[in-house]
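Please read them with the coordinates open.

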Amino acid sequence: MRRFPALDGLRAVAAILVIVFHYGGGPWGWTSGWIGVHIFFVLSGFLITTLALREEDRSPTGRISVKNFYLRRAFRILPVYFVVLGLNIALHVMRGDFRSSGLRDNLTYYFTFTNEFVDSPIAPFAQSWTLGIEQKFYLVWPLLAFVLCARFFARRLALSLTTIAVLVLTLLPAETNHESTGVHYIPLILGSLLAIVMHNPKGYALVSGLTKPVVVVIAAVAFLAAHWSLGPLFYWLSDGVLTLNDTYLVIIPAYSVVVTLLIPTLLAPGPLGWLLSTNVMKFIGDRSYSIYLVQGAAGVAVGALVPKLHTWPTLNWIGVGLVSLAIADLLFRYVEQPLIEVGRAVVNRSEKRAPAVAAEPERVPQPA
């Protein structure tokens, strides 16, 4: 498949969950919206690694261009990120709380993509902590998986499993949030691991059973049950069984495994895949990155226009969500898409300038 329509819809679900978590309050706690960012992480690992594997297959040298990988990521991520950061700065300057809100003191983190180490969790643009995680993943992963382990399925498989094992062993126990930051790389690596497995004929045979119609329905029900169980499980574990941070270290990897196993089922015909592939879900999913970034500014705008809206949690998150979607649509049309095209043009020029390399007569996949 050239595109995975249902995964666009899954991104939409993740974006909605995050907004519900931030603006829905206690009545919507049952949705466990805080876990939505880890759906993003699994999808990012899967999609980025899949694209790189396909580029490797097309390349006459059998290797990807790491430079072009970085260029594509930069034009995809940075323009909207800095536009929304500028929007946040402008909003808080106009409100007169640029310093008191904590935004000024944390700008160094935002400009250096060390967002996950922001001192105050309630500072404006705090949701951008995920960008700090993803940027480091994008920086290191292609070097490990596509330079160090180029064209070797077994090495990539071992790399993914070893990375997950190292992260797990070095994280437990954790006493502070900063000590548990590494847990957020596990869903990224799990998504990448799935891409590596599904791209290999033998690996794909192992997961192909997940695309059978009966299994697709069972997997959808299992995922929904697992998601709705997060709240009770979280409170049970954190209420004397484990510390709060260690509870996150158990739930995040476990949930990420469930999301990872869900992805193959969404690539096959089925009710959940159909629902996630609808035009509405695709529309939201395409704009999910901008929605995620702009939600804080949208929340400030909605709060200023309707000061008491937060007393009605449902109307509050719906209002913030709609404003976020409207702003995200503008960003998608006039920032994201144009700059992505610029990035493609830059990469195309770079590829044309590269010296021609004779293609191999027949490139046989490396043995496992």
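1. Basis. The model is predicted; local features need pLDDT of at least 70, side-chain atom pairs count only at pLDDT 80 or more, and totals for chains, interfaces and linings use all residues. Residues are numbered from 1 along each chain as its sequence is written, and side-chain values use heavy atoms, with hydrogens and water left out.

2. Lysine 136 and glutamate 116. Lysine 136 is partly exposed, at 27% relative accessible area. Here buried means under 20% relative accessible area, exposed means over 50%, and partly exposed lies in between (1.4 Å probe, protein chains only). The side chain of lysine 136 meets that of glutamate 116 in a salt bridge, 3.0 Å from N to O. Lysine 136 belongs to helix α5 (residues 129-148) and glutamate 116 to the loop between α4 (107-112) and α5, so the bridge ties together parts 20 residues apart in sequence. Helices (H or I, at least four residues) are DSSP runs, numbered from the N terminus. Glutamate 116 is buried, at 10%.

3. Salt-bridge count. The model holds 12 salt bridges. The criterion is a side-chain nitrogen of Lys or Arg within 4 Å of a carboxyl oxygen of Asp or Glu.

4. Bridges within helices. Aspartate 286 pairs with lysine 282, the closest N and O atoms being 2.9 Å apart. The two are four residues apart in helix α13 (residues 279-286), a separation of about one helical turn. Aspartate 286 is buried, at 17%; lysine 282 is partly exposed, at 31%. Helix α15 (residues 313-353) holds arginine 333 and aspartate 329, also four residues apart, about one turn. Their closest N and O atoms are 2.9 Å apart in a salt bridge. Arginine 333 is partly exposed, at 44%, and aspartate 329 is buried, at 14%.

5. Aromatic pairs. A search of the whole structure gives 19 aromatic pairs. Tryptophan 28 and tryptophan 317 have ring centres 5.4 Å apart and planes at 80 degrees, so this pair is edge-to-face. Tryptophan 28 sits in the loop between α1 (5-23) and α2 (36-58), and tryptophan 317 in helix α15, so the contact ties together parts 289 residues apart in sequence. Tryptophan 28 is partly exposed, at 22%; tryptophan 317 is buried, at 16%. Phenylalanine 82 and phenylalanine 111 are stacked, 6.0 Å centre to centre with 20 degrees between the planes. The rule: rings of Phe, Tyr and Trp (its six-membered ring) pair if their centres lie within 6.5 Å; planes under 30 degrees apart count as stacked, over 60 as edge-to-face and the rest as tilted.

6. Tyr81, Phe82, Tyr110, Phe111, Phe113 and Phe125 form one aromatic cluster. Phenylalanine 125 lies in the loop between α4 and α5. Phenylalanine 125 is buried, at 2%. Its phi is near 70 degrees, a positive value in a residue other than glycine. Arginine 151 also has a positive phi, of about 70 degrees, and is not a glycine. Arginine 151 lies in the loop between α5 and α6 (153-171) and is partly exposed, at 22%. Most residues other than glycine have a negative phi. Please check both loops.

7. Charges over rings. The charged end of arginine 73 sits over the ring of tyrosine 138, 5.2 Å from its centre. Arginine 287 lies over the face of phenylalanine 283, at 3.7 Å from the ring centre. The test is NZ of Lys or CZ of Arg within 6 Å of the ring centre and within 35 degrees of the ring normal.

8. Helix α7. Is α7 enclosed or open? Of its 15 residues, 14 are buried, so α7 is largely enclosed by the rest of the structure.

9. Surface. Tryptophan 228, in helix α9 (residues 213-228), is exposed, at 51%.
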